[in-house]
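Dear colleague,

Please read them beside the coordinates.

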Amino acid sequence: MEIKQIFESYERRKHEAFDTWMHCPKCGARCALLPSGRSKRLRCPQCGFVLYRNPSPGVVALIVRDDMILLGKRAQNVYKGEKWCLPGGFVEFEEDFLSAAHREIREETGLSIKILSILSVVSNFFSPELHTLVVVLLAEKISGALQPGDDMVELEWFPLSGPFSLMAFEADEHIIARYQQTKLAGAPVDPQFAFP
Ligand SMILES: [Zn+2]
């Protein structure tokens with residue numbers, strides 16, 4: 001099966017990836033968009049602050065049980081609301097990505113997990129305002145009872161072969177299909193962080 005790790009929801013080369021955040025977060029002066037290397041960056045003419053923009057880092061987990069996987073239905077008021085996805089979320093600044101996965105899965109599903117491996121890493125270009133870089137983990141439940149929380153309103157085990165409810169993210173659909181078809185083992189995970 002084809003391996004895919006870059007997902008584009010819009011034609012990113014036609015857009016300049018800058019929004020309206022134009023004031024310096026340090027001194028409040030109005031920033032200017034200036035050339036910097038191969039791209040342009042917002043720079044403060046008063047104090048010299050440079051705004052580096054990066055994709056937001058996230059983690060998702062393919063939680064498997066026999067030939068089933070756990071999917072969650074997204075709340076109505078979040079991005080891609082009412083569609084289904086792998087549970088996960090954003091990595092906080094002070095957090096490593098594996099601890100972020102344990103925290104997000106506990107918040108969204110009520111489960112404690114063992115992280116088995118790193119299945120993939122994907123770039124998502126959702127819109128000019130939202131780019132993410134997501135580590136896809138393979139995991140299994142070790143304890144807890146299903147309890148949707150945070151951005152999830154419903155949780156359900158689906159057969160790996162589908163059919164699935166309407167999915168929010170192409171990257172999730174791709175990794176589920178690849179896992180199902182090729183029984184991906186993934187890269188080993190740091191054993192110190194495999195358990196919560
Ligand atoms: Zn400034």
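**Pocket lining**

The second largest pocket is lined by 28 residues, and R74, G88, G89, F90 and F169 are those nearest its centre; a pocket here is an open set of points on a 1 Å grid over the protein atoms alone, where a 1.4 Å probe fits, with protein on both sides within 12 Å along at least five of seven lines, and lining residues have an atom within 4 Å of a point. This is a predicted model, in which local features need pLDDT of at least 70 and side-chain atom pairs count only at pLDDT 80 or more, while totals for chains, interfaces and linings use all residues. Residues are numbered from 1 along each chain as its sequence is written, and side-chain values use heavy atoms, with hydrogens and water left out.

The strand β10 (130-143) gives the most to this lining, with 4 residues, strands being DSSP runs of E of at least two residues and helices runs of H or I of at least four, numbered from the N terminus.

**Domains and core**

The chain is assigned domain 1 (19-53) and domain 2 (56-188), with bounds from an automatic or database domain assignment, and their C-alpha centres lie 34 Å apart.

Best regards
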